[in-house]
Amino acid sequence: MATAVEENMDLSQYKNGRHELSYSKLNEFRKGDIAWDVTLKSTDGDEIHAHKCVLASQSEYFERMFVGGFREATQDVIQMNNISSVILNNIIDFMYTGVLVKIEKNNVLRILNAADMFQMEDVRDKCIKYYMCLLHDSNCLEIKEIADTRAMTTLSEICLNHALKHFLLIAEYPSFLDADVTHLLQLLKDDNLNSPNEEPVYRAVMKWVQYDEIRRKHLLPDLLENIRLVFTSKDFVDQEVMTNPLVFSNPECYKIVKKVILHFNFKYGDSLSKIITNAKPRTNANRVIV
């Protein structure tokens with residue numbers, strides 16, 4: 001029977017200490033080249049010793065491999081493809097010590113690849129937090145691309161909101177010219193795109209198209225359809241839009257802009273006769289957020 005003293009003892013620190021000591025000893029064994037039961041070979045040929053039970057306890061990927069009946073469960077050497085020895089060592093060390101190598105700009109994507117490969121949510125979360133700290137006008141669309149391809153919903157939304165708020169600043173950076181058309185369309189369709197009017201939006205889009213004109217000019221009709229030219233001026237449309245060779249030489253683009261011009265011509269007539277009736281100005285038009 002437990003004594004009153006024993007019942008009142010807090011053993012949590014003792015248990016945590018034993019847990020840390022166990023992993024520390026196992027790490028010491030594998031580093032000392034004793035009592036390990038599996039060798040992981042990286043893409044570049046390095047060999048890393050480890051314990052299957054530790055790997056399985058820390059990673060769903062290894063748990064399925066060693067406990068799920070795969071042939072690797074009986075193998076002593078396992079080839080690890082698409083991961084360098086440096087990153088593999090970093091991840092294995094983290095499994096044993098709980099200490100992850102410092103995440104930096106030059107290694108975050110490789111660590112994230114490893115986290116996704118080994119299905120380690122804690123490492124993935126650390127990479128997401130780093131990207132949030134790294135977020136800037138010059139890279140938010142690039143980070144959004146990473147977030148979208150990896151189903152990082154919260155990070156993607158943060159990037160989108162940043163891009164909407166700072167669109168005109170983002171458009172000044174060279175990185176904007178490499179933006180994915182999907183993201184560009186997503187921004188153009190959003191009422192919250194922050195611009196005093198549509199003129200700079202049009203100019204940013206044309207700069208993006210002209211940067212790689214041969215590959216992108218076929219995308220212009222979709223882009224132009226989502227620029228709210230009806231909220232520019234007739235002079236702007238006549239003098240800058242319709243005179244652009246990419247616009248007037250493309251039948252689809254010409255049709256879109258001609259519709260805007262017809263709308264302007266009915267501007268002072270019967271409202272029921274206006275050509276464009278479903279467009280609305282941006283939320284922040286004429287009151288830009290700095």
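Apart from neighbours within four places in sequence, Ile170 is in contact with Asp137, Cys140, Leu141, His162, Ala163 and Phe176, where contact means heavy atoms within 4.5 Å. Ile170 belongs to helix 10, residues 167-170. Helices here are DSSP runs of H or I with at least four residues, strands are runs of E with at least two, and both are numbered from the N terminus. Ile170 counts as buried because its relative accessibility is 2%; buried means under 20% relative accessible area, exposed means over 50%, and partly exposed lies in between, with a 1.4 Å probe and protein chains only. His136 is 34 residues away from Ile170 along the chain, and the C-alpha atoms of the two are separated by 8.8 Å.

This is a predicted model, in which local features need pLDDT of at least 70 and side-chain atom pairs count only at pLDDT 80 or more, while totals for chains, interfaces and linings use all residues. Residues are numbered from 1 along each chain as its sequence is written, and side-chain values use heavy atoms, with hydrogens and water left out.

The protein as a whole has 17 helices and three strands. Of its 290 residues, 40% are buried. Among contacts between residues at least 6 apart in sequence, 63% join residues at least 24 apart. The protein exposes about 16,700 Å², and carbon and sulfur atoms supply 51% of that area; accessible areas come from the Shrake-Rupley method with a 1.4 Å probe, and for residues only the protein chains shown count as cover.

Strand 1 (residues 38-41) and strand 2 (residues 47-50) run antiparallel and are joined by four bridges. Two strands pair if DSSP finds at least two bridges between them. Within this pairing, Thr39 stands opposite His49 of strand 2. The hairpin has five residues between the strands, and Gly45 takes a positive phi near 95° there.

Most residues other than glycine have a negative phi. Gln119 has a positive phi, near 55°. Gln119 is in the loop between helix 6 (108-118) and helix 7 (121-134), and its relative accessibility of 29% makes it partly exposed. Ala151 also has a positive phi near 55°. Ala151 is placed in the loop between helix 8 (140-149) and helix 9 (153-165), and counts as exposed because its relative accessibility is 60%.

Asn90 is part of helix 5, residues 85-97. With 17% relative accessibility, Asn90 counts as buried. Leaving out residues up to four places away in sequence, Asn90 touches Leu100 and Val101.

The largest pocket has a volume of about 450 Å³. A pocket is an open set of points, on a 1 Å grid over the protein atoms alone, where a 1.4 Å probe fits, with protein on both sides within 12 Å along at least five of seven lines; lining residues have an atom within 4 Å of a point. The volume is the space filled by probe spheres set on the points, which are joined across faces, edges and corners. The lining of the largest pocket has 18 residues, and the closest to the centre are Glu225, Ile227, Ile276, Asn278 and Ala279. Helix 11 (181-189), helix 14 (220-225) and helix 17 (251-265) are the elements that give two or more residues to this lining. Helix 17 gives the most, with four residues. The lining divides into nine nonpolar, two polar and seven charged residues; Ala, Val, Leu, Ile, Met, Phe, Trp, Tyr, Cys and Pro count as nonpolar, Asp, Glu, Lys and Arg as charged, and the others, Gly among them, as polar.
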